[in-house]
Amino acid sequence: MKSCGVSLASTTSSFRDDGKKMAAGKESSECKDGSLSLTAEEKEVLGGLDSRLFGFVRLHEDGARTKTLLGKAVRYYESLILKAEGKVESDFFCQLGHFNLLLEDYPKALSAYQRYHNLQSDYWKNATFLYGLGLVYFYYNAFHWAIKAFQEVLYVDPGFCRAKEIHLRLGLMFKVNTDYESSLKHFRLALIDCNPCTLSSVEIQFHIAHLYETQKYHFAKEAYEQLLQTENLPAQVKATVLQQLGWMHHNVDLLGDKATKESYAIQYLQKSLEADPNSGLSWYFLGRCYSSIGKVQDAFISYRQSIDKSEASADTWCSIGVLYQQQNQPMDALQAYICAVQLDHGHTAAWMDLGTLYESCHQPQDAIKCYLNATRGKNCSNTSSLAGRIKFLQAQLCNLPQGSLQNKTKLLPSIEEAWSLPIPAELTSRQGAMNTTQQASKAHHPKTEPVLGLCQTPILQQSLPLHMIHSNQVDGLSNSAERKRTSSPTKHLEQLRANKDHLSPAQKLMLEQLETQLVLMQQVLHKGQSSHMSGPNDEQPPFSTGPAQYLQAASVGVQKQTGPQTLPSNSVTQGAALNHLSSHIATSGGQQGINFTKENKPSGNRSLVPEISRHAGDTPNGCVVVKGLSNHIQQLIAEPVGSPNHGDCTSPDLLISDSPQISATNIGKASDKASNNHPPIHTKTNNSVTSSPSSIIFTTTSSTKSTAQTTTHSVTSLNSPQNNLYKINREELQSLQSSAKPNLPIISLESGPQIIPSMSVSIYSSSTEVLKACRNLGKNGLSNSHIFLEKCPPPTPPTSPYPPLPKDKLNPPTPSIYLENKRDAFFPPLHQFCTNPKNPVTVIRGLAGALKLDLGLFSTKTLVEANNEHVVEVRTQLLQPADENWDPTGTKKIWHCESNRSHTTIAKYAQYQASSFQESLREENEKRMQHKECSDNESTSSDFSGKRRKGPFKTIKFGTNIDLSDDKKWKLQLHELTKLPAFVRVVSAGNLLSHLGHTILGMNTVQLYMKVPGSRTPGHQENNNFCSVNINIGPGDCEWFVVPEDYWGVLNDFCEKNNLNFLMSSWWPNLEELYEANVPVYRFIQRPGDLVWINAGTVHWVQAVGWCNNIAWNVGPLTACQYKLAVERYEWNKLQSVKSLVPMVHLSWNMARNIKVSDPKLFEMIKYCLLKILKQCQTLREALTAAGKEVIWHGRTNDEPAHYCNICEVEVFDLLFVTNESNSQKTYIVHCQDCARKTSGNLDNFVVLEQYKMEDLMQVYEQFTLAPSISSSSS
């Protein structure tokens, strides 16, 4: 693919130069019949405009002519499409999507991209389309789909000129999803890229420092302090860094004693306020610090400043309530808590504190209601203790004499009375007026608003009664009853009509928009049409077709901001650190680097960057998104995009909005059911990597049509820059949907998007013919280092097999082989049975006895005697039932599996293992003494029954990944394993991993595991889907759970729903959810001496039942299935930016050198890989030669490992890009070509080292031929 041939400087300047041309040709742009047309000059300018210029072209200042031209082009294209009744080239829709994207008309852009996707079967080759689509998804906070689109861009074209922008957005999205490891990787990739970006390097460094706060506080502190040393650090960045340092010192115990920490915290926050006096969040943090050291008056003053300086915050009101309660002012405390819970119905801390207040005033009924509301909060972490408190109070009520409560004088109003006290009612009645007043005030005083957050909500000014804070300046609140009344769009419409003469400008705008939508929907209903966005097969919208339902769907907006995201205790929540620097990420306004002034904010009403850490939303016209701290004394928790809104308290809605808006819930409902509501843009294709080998590698992709319901019909954004609907009449609707009408000319668009050039070269061609076909392709012929050729799209997980298995087949019996003697172990059909793809797992029982293996060589005692100081990786886990996984409190089942890493020695772990066993014996003896009636053989599993759902669970330590590769240290142990049959040995001719030529620890070497009961190996597939061998040394058993390879896509979906990375996270499946999804699970016990064979791609997780040791390694059978699955995972890893431990390119060439292949399928796949790599090596050499870059011969040494890029961790074959410095120092820090160009555009700082001569590679390619089939059984 030709990667980004657009020069920003030349393109931008050309717009000015072409302005006169466009003006001159303006008269000729109107045809005599009144229809639109484009001049040659205009077409030339438009030819250079696509999604890559998003954020780098100014449309609101000197780019007004460009904006006018884009608008004209949109109208021109739409008129052509209408005239042709939709029978136009797919590229028309792609270009139309680009133009609408640059105009920030996101609904139209999404609609056009949708049409392009449906019409273009190989849409995935078009990187600019994928990038534009990702930007639209990102705008709508549909992170699940934005991540997929951006990953596909980098997969299709790693050298994409906007890769830095992509890595930046991926970093932000993974940060929201709590995948901090992935986030950190993408931020680092953005940081090393020297290309232009909408964030500066110091802002990216801030995000990296903020990520460290998740676990590595000292790293975060050092990173922040280093940032403060940066010359010319922007004031706003400096203020936020100081703010974070202050909050860290307040929260993190590791940073010193309380007095010292609070002193530093206050100093940092005061310095932050010197840099930015208008930061409401800094004032709030300062108030928290003062409160913690008893400076009540200073705390009140800081909270007052916070309210004056920033938007409405439930956290601030909750903290004010705590101060009042501490000062024995219950009525004032009540009012503050009510303000907090009205702003955030799910504010657990405020409900808990309010319940405590009512309890202290002897009003148990109200306290119970508050505690119940607290348990419904999404951030509630102590449900069990609250439930106990509720039961206690209920018991108290039952014991009270009848009528005693009614006769007792109440100190406080009841919760129902408090909810409608004058303060909230007064504030609600003045809401509209305050909106207008504040917006006018902002227009005249632009610097009064914090600028690092997303476009923040106007500060609403209200007066409070004297028994509250003695101030007449507070943030605006809204009565819940009002929100309840206006929660339905139709009711809202009626209410707006009734008060038409007294509406604010924002409310008048909304009235006009809702009326337009109603008329449009009624027309559509009358004409029998579904939506102008319907897919090619006339799919129906997912909501009812009545006007009320249509308006409801269209006005969901960011009111459904979703899901809890746990950030570290010291993270800035809802307002600053998580994305405070992201408000100026690329819009077509043209910010190049952040500009910390309000005037330079995007003109559109909707911020591009998702709302991931604000106190209040960035939406205009009075839409207040209020989220807060989980508790005034608890850790700060940020809100993510991905799960439902809380708010099942007295009043249902969290928001009050004068403007319907679009969120992720409108785009494919990308919250809890993302995988079940795929946007048509990403429907599964028949050429998935999970299909047969022949279809994967040799067939052309078929036309991809959407089968999922279209969801984009509801994307009628009323807060787009143009603030109008995408109107369409019946004729336009019919023309867009009629794709089968005959005799219509196909309209051609000459300047189509760049795609990967296709190359039809047979694998049976000679190497000379291959190289001849590659001549002069240059960079255009080098898409990337994929093994698959251009005929295959980016890999996708497999869908669940169809038809689904019946429920009685979801617990299949585990294939087991019982060995009686050595002859049975070497019987050839055993090898064939184990490697049969139909058997995901095989248990070979009695193997050790049949082969007379001395398992004692791997016992703890022998290991200590052999190498007692050998390193052991330790995983600290929670002791839980094998078939369940609970959160640490034992209140709910989760997928995330606690498994924290540390290190020790064999001797120390052996001591722990022994003491654990002795402790268990002691406990058993005590139980027998106390409960003589119990059975003597009572199993430890009975211990779990009492712990389920109760917690906390006992902590255990699992000794894992103990390296036994040193044949000098472990000579006896490794020699004993040579007794095994060849197909399960660590080294054998038929093992692909034996042909790597170097060691991969744990794969082609032995690893040992030392376990106590409950030790868990979380769910996973083996590296690159290779088979694995596991032998239980004993003396205890292990329990295994196994899922066939066909279902890994289903487990991947479950991981995504639970904010877990399938490849990198630690997860333990919920069996109930798997059975509901019709996923079969093999479950069995592995006893001492049993060998478990895990077939290629099988998903599995294991828990120790007793005290035992295990040994394991990987094996690569010489089969087409194994090679196919290994290559698929290699490509999937690349798409996911995960390093493949097995270098499949290097391995494929070694296989061609060393192995005679008689299986036609395996031969074709290997040969095809060689063809692809040969082509890449040749085209890259020619490109370097054309650029005048010398290639230096370097060669390879014996046992030299394969090389990976030091930056992005992809495999680098043959041509190594090494920095001049590392080359001179002989350290050879390798880069791939794409990362080298990102760091040094013309490669001046790099030398290129050659490891293979083209003649040698050509010879290997020529000599690798299909061997005649030999009718032999097995090795």
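Let me start with His249, which sits in helix α12, residues 235–251. Helices here are DSSP runs of H or I with at least four residues, strands are runs of E with at least two, and both are numbered from the N terminus. Is His249 buried or exposed? His249 counts as buried because its relative accessibility is 3%; buried means under 20% relative accessible area, exposed means over 50%, and partly exposed lies in between, with a 1.4 Å probe and protein chains only. Setting aside neighbours within four places in sequence, His249 is in contact with Lys221, Leu255, Lys261, Tyr264, Ala265 and Tyr268. Contact means heavy atoms within 4.5 Å.

A word on the source. This is a predicted model, where local features need pLDDT of at least 70 and side-chain atom pairs count only at pLDDT 80 or more, while totals for chains, interfaces and linings use all residues. Residues are numbered from 1 along each chain as its sequence is written, and side-chain values use heavy atoms, with hydrogens and water left out.

Next, two helix pairs. Two packed helices are described by the angle between their axes and the distance between the axes. Axes are lines fitted to C-alpha atoms, for helices over the stretch in contact, and angles run from 0 to 180 degrees between N-to-C directions.

Helix α6, residues 127–139, packs against helix α8, residues 163–176, at about 30 degrees, with the axes 12 Å apart. The crossing of α6 and α8 is left-handed, meaning that the near helix is turned anticlockwise from the far one by less than a right angle; clockwise would be right-handed. From α6 the contact uses Tyr131, Leu135 and Phe138, and from α8 it uses Glu165, Ile166, Arg169, Leu172 and Met173. By class that is six nonpolar, no polar and two charged residues. Nonpolar covers Ala, Val, Leu, Ile, Met, Phe, Trp, Tyr, Cys and Pro; charged covers Asp, Glu, Lys and Arg; the others, Gly among them, are polar.

The second pair is α41, residues 1120–1135, and α43, residues 1160–1186: their axes come within 8 Å and cross at roughly 35 degrees. This crossing is left-handed. Ala1120, Tyr1123 and Lys1124 of α41 meet Lys1161, Leu1162, Met1165, Ile1166 and Cys1169 of α43. The contact of α41 with α43 has six nonpolar, no polar and two charged residues.

Staying with α41, 15 of its 16 residues are buried, so the helix is largely enclosed by the rest of the structure. Just after α41, Ser1137 has a positive phi of about 60 degrees.

Now the strands. Two strands pair if DSSP finds at least two bridges between them. An open sheet of four strands runs in the order β7-β12-β9-β10, with antiparallel pairing. From one strand to the next, the twist averages 15 degrees. Three bridges link β7 to β12, residues 1099–1104, in the antiparallel sense, and Arg1016 has Gln1103 in β12 as its bridge partner.
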